[in-house]
Amino acid sequence: MRDGLLPGLDRLAGGDPASAPEFYTRVAGVYDALARHGPFVGRLRRALADTLAPERGATVVEFGCGTGANRPYLTERVGPAGTYVGVDFAPGVLRVARERGRPRSTPGRESSAPADGSRSST
Ligand SMILES: C[S@@+](CC[C@H](N)C(=O)[O-])C[C@H]1O[C@@H](n2cnc3c(N)ncnc32)[C@H](O)[C@@H]1O
């Protein structure tokens, strides 16, 4: 059985963490709208990037990246020489993330990968 990164939300998937990828795939469109345009989310995401403060040129890996709502804030911090890698086990959210990635918000390198962040081999 897979452990979700956010047990509260994963419980919405029906109580079974194994179904979380299907759940997030199903709600990817709605989740993306909330993740980008919900009240205060822009300010919170910027505060998160400011707190993490990755250096310019750094590689940032976001496990459980969802639809990539943090990506613009993180790619802005690492700059064009940096790299953003989003990892998520739900194919539906990665599809939206890739669509949202075009055109890229910065000329830096970006990629997204399907993987379970709770497995040590990831
Ligand atoms: C609440 S969303 C947050 C998405 C994004 N970080 C954001 O701030 O909008 C949680 C995401 O984590 C992913 N996730 C949960 N457990 C995971 C795991 N073990 N491995 C990979 N992705 C996982 C889910 O598929 C979902 O897209």
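Guide: Axes are lines fitted to C-alpha atoms, for helices over the stretch in contact, and angles run from 0 to 180 degrees between N-to-C directions. Helices (H or I, at least four residues) and strands (E, at least two) are DSSP runs, numbered from the N terminus. This is a predicted model: local features need pLDDT of at least 70, side-chain atom pairs count only at pLDDT 80 or more, and totals for chains, interfaces and linings use all residues. Residues are numbered from 1 along each chain as its sequence is written.

Visitor: Which pattern does the protein chain follow along the sequence?

Guide: The protein chain has six helices and three strands. Read in sequence order, they give α-α-α-α-β-α-β-α-β.

Visitor: How are helix 3 and helix 6 placed relative to each other?

Guide: Helix 3 covers residues 28–37 and helix 6 covers residues 91–100. Their axes lie 9 Å apart, at an angle of about 55°. Angles under 35 degrees count as roughly parallel, over 145 as roughly antiparallel, 65 to 115 as roughly perpendicular and the rest as oblique. Helix 3 and helix 6 are therefore oblique.

Visitor: Which residues of helix 6 meet helix 3?

Guide: Contact here means C-beta atoms, placed from the backbone, within 7 Å. Helix 3 brings Ala28, Gly29, Tyr31 and Asp32. Their partners in helix 6 are Gly92, Val93, Arg95 and Val96.

Visitor: How many residues of helix 5 are buried?

Guide: A residue is buried if 20 or more other C-beta atoms lie within 10 Å of its own, exposed if 12 or fewer, and partly exposed in between. In helix 5 the buried residues are Arg71, Pro72, Leu74, Thr75, Arg77 and Val78. The helix is largely enclosed by the rest of the structure, because its buried residues number six of the eight.

Visitor: How many other C-beta atoms lie within 10 Å of Val78?

Guide: Val78 sits in helix 5, residues 71–78. Thr59 is 19 residues away in sequence, yet the C-alpha atoms of Val78 and Thr59 are 7.4 Å apart. Val78 is buried, and its count of other C-beta atoms within 10 Å is 21.

Visitor: Which residues of helix 5 make the contact with helix 4?

Guide: Helix 4 (residues 41–52) packs against helix 5 at about 35°, with axes 9 Å apart. From helix 4 come Arg45, Arg46 and Ala49. From helix 5 come Tyr73, Leu74 and Arg77.

Visitor: Which residue in strand 2 is the bridge partner of Phe63?

Guide: Two strands pair if DSSP finds at least two bridges between them. Strand 1 (residues 59–63) and strand 2 have five, in the parallel sense. Phe63 has as its bridge partner Val87.

Visitor: Is Phe40 buried or exposed?

Guide: Phe40 lies in the loop between helix 3 and helix 4. Its phi is positive, about 70°, although it is not a glycine. Its C-beta neighbours inside 10 Å number 8, so Phe40 counts as exposed.

Visitor: What value is phi of Ala53 near?

Guide: Ala53 is in the loop between helix 4 and strand 1. With 8 other C-beta atoms within 10 Å, Ala53 is exposed. Ala53 is not a glycine, but its phi is positive, near 45°.

Notes:
Two residues are in contact if their C-beta atoms, placed from the backbone, lie within 7 Å.
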